[in-house]
Amino acid sequence: MAQPFPKRKLTDERFAIILLLPLIIALFALNLYPMAYSFWLSLTNTDVSRGISKFIGFINYYNLVFKDPYFWHSLRVSLQFTLEASLLAVALSLTFALILNESFKGRRIIRTIAILPWAFSTYAVASLARYLFARSYGLFSSLYVYLGLSDTPVEVVTSESAIHILALLFAWNYVPLGAFFLLAQLQIIPLDLYNQARIDGASAIRRLKVVTLPFLRRPIAIILLLFTVFSVVETTLIIGFTGGGPGKATQTLTYWAYAKTFMDYEYGYGAAISWFLILIAMALGVLYYYVLNKLKL
Amino acid sequence: MSSPPSQSRRNFLKFLGAFAGGVAVGAIASYFGISPTPAPAPAVTGPSASLVFAIGGFRPDVVKENVAEFDRQWLIPSDKRTRVEQLSGDLTVATQSRLAAGYPLDIVYAYPYATVTWSKAGWITPIDDIKATDIVPYNISDAVKEMYPAVKEAYTVENKLYGLPYYISAYGCILTNEELLDKAGMSGDYPYTWKDMYDYVERLAAKKITEHPLLPSWYNEPFGIPWAFVLEVINQGGNEAMWEDKWPYHPTFDVGTLAEEVLKDWKRAWDNNWVPRGVLTMKQTDYLGEFATGKYFYNVNAEYYLGYFNDPSRSRIAKKASIVPAKQQPWGLLDSCIYALVKRNRSETDLEYAQALLEFLGYRDRYGNYYVGKRWMLFEFLKTWPAIFQDPEVRLVWSVRLYREDDLDAVNGILEKVMFPTAWKAAWYTKWNTIAQTELPLIFTGEKTIKEVITTLRNEAERLAEEEEKAA
């Protein structure tokens, strides 16, 4: 007698889907839904302080680009910070990875210490920096006096220097991540290749160029992309260290999004700035890939 | 004959059992709020459900003790004890989202602008009509007679009062470092107007005792440089020097007005190096730490921080930090918060208990004492009612901690005259404040002239006020 409901075979694919289902649901709930909601918010004039929320289409985006007096300045500062911070972080990551890949006494301890900055929360880095760079009691200001470079304590954080210091702090915080990522890759490069290069009389720089870098091309591209995205959206460091100042010297678009959202309660406008930032991150990512492929790094 | 050991052990165990039983009964009695000297019982014992008080992250321990005392005095049954709900994140936003969602709350903290919004939304209720009953101890009209004028002004919306003070502070007073002033031979010789202050700073700078004589509140916070500007203008010229006297508070300040004079004083201080450059990037904690180093003669700050600067564990100028009294003009602007009563469907009895809790927190307890206000004054130097300044215990505690006992009276005098920036009742103010925080430092960094900054600030205030008017 035929069975009324034919038994379905649990294929490997179906089994995999069942296993992945909780993850897919979590991904949707934690990523896709908030993203979709924030995009919806960006199309409204939601302002909690005024208790209004109405669909206005792309008006927020139009106002941002054509009417907001701080937009172009913030965009320039954002791009400057992103380029400085991400390139510096990659360069230092590569340097540290190469150093940590060498055999020397105490390498294990140095490797452990090297990862410590990554263990600091960004806010802790910002708080620490405020003390290090403070004029009256900060380390750097005191060093100036101690080394005889100045008779009185100096202002290290000025309108001109603030953005560079932020980039440096960002790099300090994230370099361990990049360095260990590259170090893992360095350790799979066959030693024979280096030996062959040495036999051929290649100098250290030449060995770096013809042996090491070809293996690191993809990992460098990945961490560059990662650091770019991280730096584009970096807010905590800026809020915690400079608060967008002095004046508007470090007022990035993320800081402006934060100010509009959490200080002015304009959630709709803040969401529009955030989506603009996502576009910038994507554009920079594409640009980096293009340039790296072009340079055949 | 000595008792056998077994008998002795039995007695010991009996004693132990009785002792443990006693402790347990005591603990249970204490847990259920049974006090050996019960407070006079109201006619009805307790609301139908627990009252809910929404708070932020500041000293929840003190708040919980205060609320426990309310439960004791009003004999609230253990299953209906008042619940303290601690909200995380921005307190106003968190409270507002709960009010909007109809979450059952009874008492909330409200700042001036939130009071306007929430009253208009019908989320909080006016308190003028609260009358004394068996449960509610006081007529609100009695409390209003004692209230500092600025508090009444700040929390009155359309002629209705919306709460009782949680704390009030005068932000923007001149705190002094008496040790340095003594060195300069100017102890007790104070400036009594903002104009005078800059002249005094010039004199002090000429003595070359410190690198920078003044630490102004131009730090990088929403309540830093923008408030510094507003308070100096309105202290000298009244609210009318900044904006009109009624909603939507169109700006009156412009190039050629007092606002420009204030910024010229600022620029003079900056150009002459009377203030540290780093103030523009300081956060509030850095700013407090900076004056606590003892390197400045004057600091523009909230009188609240007299407690901080006179604390030897935090400050190098402990017992040397004083304050300039308000003699010729007011100092500062009102920084405050109230307890507001949430509007919701309640029985008459439940409403009376909520009103009683409001009065207990924001005014007096069942016995006529400023129980909560006095505790805040003793623990955190938070001020609420003028009469607390005369409390012997308060005077004793703070006369030991402050530079001189008269400073308490100076603070009370400042609070009597402190000004409320009326535009804080408009929605646009916070947005303008953000712009001012960005624009004002530009006169120092050289990116804009004073005239350009004032023009921008005026245009933005005008635009925002017009938008608000249109939206209404």
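This is a predicted model: local features need pLDDT of at least 70, side-chain atom pairs count only at pLDDT 80 or more; totals for chains, interfaces and linings use all residues.
Two residues are taken to be in contact when heavy atoms of theirs lie within 4.5 Å. Setting aside neighbours within four places in sequence, Glu468(B) has contacts with Arg50(A), Trp247(B), Ala426(B), Ala427(B) and Trp428(B). Glu468(B) is part of helix α19 of chain B, which covers residues 450-471. The relative accessibility of Glu468(B) is 9%, and the residue therefore counts as buried, the limit being under 20%.

The view can now be widened to chain B as a whole. Chain B has 472 residues, of which 57% are buried, and its secondary structure comprises 19 helices and 10 strands. Along the principal axes, the C-alpha atoms of chain B occupy a box of roughly 95 × 65 × 35 Å. Among the contacts in chain B that link residues at least 6 apart in sequence, 74% are between residues at least 24 apart.

The domain assignment divides chain B into domain 1 (52-168 + 336-396) and domain 2 (170-334 + 422-471). To the contact between them, domain 1 of chain B gives 15 residues and domain 2 of chain B gives 10 residues. Taken over C-alpha atoms, the centres of the two domains of chain B are 31 Å apart.

The surroundings of Trp432(B) give a closer look: beyond the neighbours within four places in sequence, the contacts of Trp432(B) are with Phe229(B), Val230(B), Met242(B), Phe253(B), Leu457(B), Glu460(B), Ala461(B) and Leu464(B).

Chain A has a helix that deserves a visit of its own. Helix α12 (residues 253-263) of chain A has 11 residues, and 9 of them are buried, so the helix is largely enclosed by the rest of the structure. The buried residues of α12(A) are Leu253(A), Thr254(A), Tyr255(A), Trp256(A), Ala257(A), Ala259(A), Lys260(A), Thr261(A) and Met263(A). After α12(A) comes Tyr265(A), with a positive phi near 65°.

α12 of chain A and α17 (428-439) of chain B each contribute at least two residues to the lining of the second largest cavity. From chain A, this lining includes Tyr255(A), Ala259(A) and Met263(A), and from chain B it includes Asn220(B), Thr434(B), Gln437(B) and Thr438(B). Gly243(A), Gly244(A), Gly245(A) and Gly247(A) are also among the residues lining the second largest cavity. By class, 3 nonpolar and 9 polar residues line the second largest cavity, with no charged residues. The second largest cavity holds about 60 Å³ of space.

In total, the structure has 3 cavities of 30 Å³ or more. The volume of the largest cavity is about 190 Å³. Its lining comprises 14 residues, with Arg130(A), Phe133(A), Ala134(A), Thr281(B) and Met282(B) nearest the centre of the cavity. The lining of the largest cavity divides into 6 nonpolar, 3 polar and 5 charged residues.

Conventions: Residues are numbered from 1 along each chain as its sequence is written. Chains are lettered from A and ligands numbered from 1 in the order in which they are written. Side-chain values use heavy atoms; hydrogens and water are left out. Buried means under 20% relative accessible area, exposed over 50%, partly exposed in between (1.4 Å probe, protein chains only). Helices (H or I, at least four residues) and strands (E, at least two) are DSSP runs, numbered from the N terminus. On a 1 Å grid over the protein atoms alone, a cavity is a set of points where a 1.4 Å probe fits but cannot get out, and a pocket is an open set with protein on both sides within 12 Å along at least five of seven lines; lining residues have an atom within 4 Å of a point. Grid points are joined across faces, edges and corners, and a volume is the space filled by probe spheres set on the points. Ala, Val, Leu, Ile, Met, Phe, Trp, Tyr, Cys and Pro count as nonpolar, Asp, Glu, Lys and Arg as charged, and the others, Gly among them, as polar. Domain bounds come from an automatic or database domain assignment.
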